[in-house]
Amino acid sequence: MTTKQRKQRPKLLKNTLIPRSLFSAKTDIKKWQTALHLAERVENPKRYLLYNIYKQIGLDAHITAQIQRRTLAVTGADYQLVNSKGERDDATHYLKSMWFDRFLQFALESIYYGHSLIEITHLDSHGQIVDVSLVPRNHVMPEKGIFVKEVNDDTGIAYREDKTYSKWLIEIGENHNLGLLNKTIPFALFKRFAGSAWSEYADRFGMPLRVAKTNARDQNSLDRLEDMLVKMASNSYAVIDKEEEIEFLQAKDGKGEVYQNLIDFCNSEISKLITGAVVGEASQGGSRSKEEVGENILELLVKADKQFITNIVNSILLPKLEALGYPVKDLVFEFITQKDVTPLWNRTKEALPYYKMDIDWLNKTFGLEITETRIKNEELKIKNEKLGIKNSSDDFFL
């Protein structure tokens with residue numbers, strides 16, 4: 001590999017920003033609408049409020065699980081670089097590294113955030129990439145191609161035009177796309193409100209209400225009885241006089257089903273947005289066919305995600321690598337698809353006793369390790385006669 005470019009990076013774009021504390025006030029629908037309006041402005045659109053909400057709803061376990069379910073199907077798939085003949089090229093090993101795994105993760109995140117600006121941050125002594133990082137989204141205005149030091153700034157570094165940075169940057173996502181997470185926000189907020197209300201409900205009505213009846217009028221007796229009721233929360237027993245009585249009253253207005261139903265509804269809508277269907281334990285009244293349909297929809301989404309990554313690597317990343325001296329000219333990135341050979345194997349297995357089979361084809365197609373013919377013609381005749389099978393004149397596997 002040649003070293004056309006310098007081995008050390010100059011100034012990093014992300015190092016020019018001025019850090020600020022994130023918005024931490026209680027997020028509600030009104031704040032989301034305000035953030036959305038700010039992000040969609042024609043003049044000087046700003047996404048930092050919207051992205052702060054994204055960070056908060058990113059703590060939701062269901063959203064996290066659904067995104068991982070879809071993302072891992074891509075990042076866990078095998079891939080290769082092939083030449084013009086469709087053969088795997090040795091240059092594939094350049095992508096089998098941690099920096100490329102991070103690149104794939106950042107690229108897939110653009111589906112949910114709408115945009116990812118990835119920066120090559122470190123090179124080794126041979127000019128090869130060691131690491132990449134995500135330029136903080138709060139400071140990027142993709143609509144204008146500007147990186148701002150302060151999130152409220154209207155002007156900044158034109159990263160697409162400034163050659164100090166542009167050759168080290170990989171931009172993914174459409175300029176005006178706000179990502180899939182934007183559509184999940186109302187359901188994530190409703191779910192949070194339901195969870196908070198349910199927690200308060202459980203605090204008030206989860207334990208039976210304790211009622212004490214007494215004829216005592218002196219303050220000391222009343223104070224003693226009140227103190228006893230308070231301690232019963234953990235002790236579950238009391239010592240009372242004959243004239244005193246303690247009752248436990250159970251709540252009669254349900255067990256919080258209204259909150260559970262709202263949470264289930266929100267989870268269902270989030271699942272549909274991210275993975276295309278409600279499957280598994282989140283599916284109510286499901287069936288095998290329903291589950292299969294859900295899995296098929298997810299498979300289609302994963303297939304589209306793989307094509308998305310394939311286009312990015314071939315049209316954007318590989319030209320960058322070639323400029324850095326990587327031997328990837330005329331190579332093409334592709335995911336390796338695993339073909340289901342079960343039906344073919346079943347047909348082959350049925351034909352084995354009667355027809356010649358090419359050993360090389362069997363080994364290549366089914367991953368076998370056949371080295372020579374094991375059963376000769378005479379042995380086969382004896383075996384077939386015992387099984388009542390008409391003999392063939394050909395040797396098995398020959």
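In which sense, left-handed or right-handed, does α3 pass α4? The crossing is right-handed, where right-handed means that the near helix is turned clockwise from the far one by less than a right angle, and left-handed that the turn is anticlockwise. Helices here are DSSP runs of H or I with at least four residues, strands are runs of E with at least two, and both are numbered from the N terminus.

Before the rest, the ground rules. This is a predicted model, in which local features need pLDDT of at least 70 and side-chain atom pairs count only at pLDDT 80 or more, while totals for chains, interfaces and linings use all residues. Residues are numbered from 1 along each chain as its sequence is written, and side-chain values use heavy atoms, with hydrogens and water left out.

Back to α3 and α4. Their axes are 11 Å apart and the packing angle is about 140 degrees; axes are lines fitted to C-alpha atoms, for helices over the stretch in contact, and angles run from 0 to 180 degrees between N-to-C directions. The two helices are therefore oblique to each other. On the scale used, angles under 35 degrees count as roughly parallel, over 145 as roughly antiparallel, 65 to 115 as roughly perpendicular, and the rest as oblique. From α3 the contact takes Ile67, Arg70, Thr71, Val74 and Thr75, and from α4 it takes Leu104, Gln105, Leu108, Ile111 and Tyr112; contact means heavy atoms within 4.5 Å. By class that is six nonpolar, three polar and one charged. Nonpolar covers Ala, Val, Leu, Ile, Met, Phe, Trp, Tyr, Cys and Pro, charged covers Asp, Glu, Lys and Arg, and the others, Gly among them, are polar.

α3 also packs on α8, residues 257-275, with axes that come within 10 Å and cross at roughly 25 degrees. These two are therefore roughly parallel to each other, and α3 passes α8 in a right-handed crossing. On the α3 side the residues are His62, Ile63, Gln66, Ile67, Arg69 and Arg70, and they meet Asn267, Ile270, Ser271, Ile274 and Thr275 of α8. This contact has four nonpolar, five polar and two charged residues.

Lys31, Trp32, Ala35, Leu36, Leu38 and Ala39 of α1 meet Tyr48, Leu49, Leu50 and Ile53 of α2. The classes here are nine nonpolar, no polar and one charged.

Now the pockets. On a 1 Å grid over the protein atoms alone, a pocket is an open set of points with protein on both sides within 12 Å along at least five of seven lines, a cavity is a set where a 1.4 Å probe fits but cannot get out, and lining residues have an atom within 4 Å of a point. Points are joined across faces, edges and corners, and a volume is the space filled by probe spheres set on them.

The largest pocket holds about 560 Å³. It has 22 lining residues, with Tyr54, Lys55, Glu109, Tyr113 and Arg137 nearest its centre. α2 (48-57), α3 (61-75) and α4 (98-113) each supply at least two of the lining residues, and α3 gives the most, six. The lining divides into twelve nonpolar, seven polar and three charged residues.

The second largest pocket has about 390 Å³ and 14 lining residues, of which Val302, Lys303, Lys306, Phe335 and Thr337 lie nearest the centre. α9 (288-323) and β10 (332-335) each supply at least two, and α9 has the largest share, seven.
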